[in-house]
Number of protein chains: 2
Amino acid sequence: MAEGFTIWLTGLSGAGKSTIAALLERELRERGRRVEVLDGDVVRTHLSKGLGFSREDRDTNILRIGWVCEVLSRNDVIAISAAISPYRETRDQVRARVGRFVEVYVNCSLDTCIDRDVKGLYKRALTGELPSFTGVSDPYEPPLAPEIEVRTELEPVEASAARIVAYLEANGFLQAREDTILATR
Amino acid sequence: MAEGFTIWLTGLSGAGKSTIAALLERELRERGRRVEVLDGDVVRTHLSKGLGFSREDRDTNILRIGWVCEVLSRNDVIAISAAISPYRETRDQVRARVGRFVEVYVNCSLDTCIDRDVKGLYKRALTGELPSFTGVSDPYEPPLAPEIEVRTELEPVEASAARIVAYLEANGFLQAREDTILATR
């Protein structure tokens, strides 16, 4: 079988990870696949309550999400992680464990993320009210060789999602299909 | 679809949970099902490192396992939990979240578990070297209305596993089948 794999979205808060994850989820379900989105916030409730944002706690959180992705992937589910996952080495640890792993760099400049500030977090981070905030007071290490990079400030999120699907089709993760929801937009 | 569900084995350390889980896993895979065993020790490594054995930490651990069971079950996987899970209320919380939930009380007297002492833990618990040990210095609350109870000191584990499979067949979780591995022993 081996139908399962992991789509690992990484990028700054506000870059568009959750939105892209939701679009991918819909598209993949439409194709009859089993899909589970592991959103950073949801996971912090169920898996990592009590963990903070130190390097160690972030790594623990990411490795737990990675373990759930691994378990899902080996059971033919497509796991989509939408956590910031700022550290390269930790992402690579997850990659090594999961095996069928597609790292997607959701690239968006810090300035644009700050302008968007969907959750109002950057404002609080910039005043120092929120400490250890990725991109402001905590590092983000961009992937050096992601399977695919999308730039959400240069194209609509639907286009980014469609390019991820095209990558998955071109690389044997998905069967090619004409009637994708995303492509018809 | 709705093929997924959770088999929740609960009982003292040494009662036979892991052995039964392994037998069920083999039988269910043989039937072409997706199966994932969540063993207490494995989960403590990947999901709950750092948690201890206070009531609160035990509950956190069990709720995390429960969440993973929930995620697997809704993706058509049969999740088998083999953790002691000593508290009734916590098991019921997991039951409420998972929905398709089969609680199996793996019943074995404390004396027999102490006699077996497969991992040498009871010896250390009885001398006080291991504190907060379920059955010795920490409570175990047996289920009041489990879907099925098996008594591993009265029958071989293969018979217990076969009775669980029979329950699953009789209650619409599995299709009935003549050529089960377990029944031919």
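Two residues are taken to be in contact if their C-beta atoms, placed from the backbone, lie within 7 Å. The exercises below apply to a predicted model.

**Exercise 1. Find which residues touch the most other members of the largest nonpolar core, and list the contacts of the one in chain A.**

Step 1. The largest nonpolar core holds 96 residues, and within it I80(A) and I80(B) touch the most other members.

Step 2. Setting aside its neighbours within four places in sequence, I80(A) is in contact with I7(A), L9(A), A21(A), L24(A), E25(A), V35(A), V37(A) and L38(A).

Step 3. As background, nonpolar side chains in soluble globular proteins tend to be buried together.

**Exercise 2. Work out the strand order of the sheet in chain A, and state which strands lie at its edges.**

Step 1. In chain A, 5 strands make up an open sheet with parallel pairing, and their order is β2-β3-β1-β4-β5.

Step 2. The edge strands of chain A are β2 (35-39) and β5 (148-151), each of which pairs on one side only.

Step 3. With direction ignored, neighbouring strands of this sheet are turned by 20° against each other on average.

Step 4. For one pair in detail, take β1 (residues 5-10) and β4 (residues 101-107) of chain A, which pair in the parallel sense over 5 bridges; here W8(A) has E103(A) in β4(A) as its bridge partner.

Step 5. Helix α7 (residues 157-170) of chain A lies across β4 and β5 of chain A, and runs at about 165° to β5(A).

**Exercise 3. Determine how chains A and B are related, and what each contributes to the contact.**

Step 1. The contact takes 12 residues from chain A and 12 residues from chain B. On the side of chain A that touches chain B, helix α3 (residues 55-73) of chain A gives the most, with 5 residues, and the residues of that side divide into 6 nonpolar, 2 polar and 4 charged.

Step 2. Because 100% of the interface residues of chain A are also interface residues in chain B, the copies meet through the same surface.

**Exercise 4. Decide whether V77(B) is buried or exposed, and describe its surroundings.**

Step 1. V77(B) sits in the loop between α3 (55-73) and β3 (78-82) of chain B.

Step 2. A residue is buried if 20 or more other C-beta atoms lie within 10 Å of its own; V77(B) has 25 C-beta neighbours inside 10 Å, and so counts as buried.

Step 3. Not counting residues up to four places away in sequence, V77(B) touches N75(A), G4(B), R34(B), V35(B), E36(B) and L72(B).

Terms used:
Residues numbered from 1 in each chain as written. Chains lettered and ligands numbered in written order. Predicted model: local features only at pLDDT ≥ 70, side-chain atom pairs only at ≥ 80, totals over all residues. Pairing = 2+ DSSP bridges. Helix = DSSP H or I, 4+ residues; strand = E, 2+ residues; numbered from the N terminus. Axes fitted to C-alpha atoms, helices over the stretch in contact; angles between N-to-C directions. Core = buried A, V, L, I, M, F, W, Y, C linked by C-beta atoms within 7 Å. Buried ≥ 20, exposed ≤ 12 C-beta atoms within 10 Å, placed from the backbone. Least-squares fit on C-alpha atoms with pLDDT ≥ 70 in both. Nonpolar A, V, L, I, M, F, W, Y, C, P; charged D, E, K, R; others polar.
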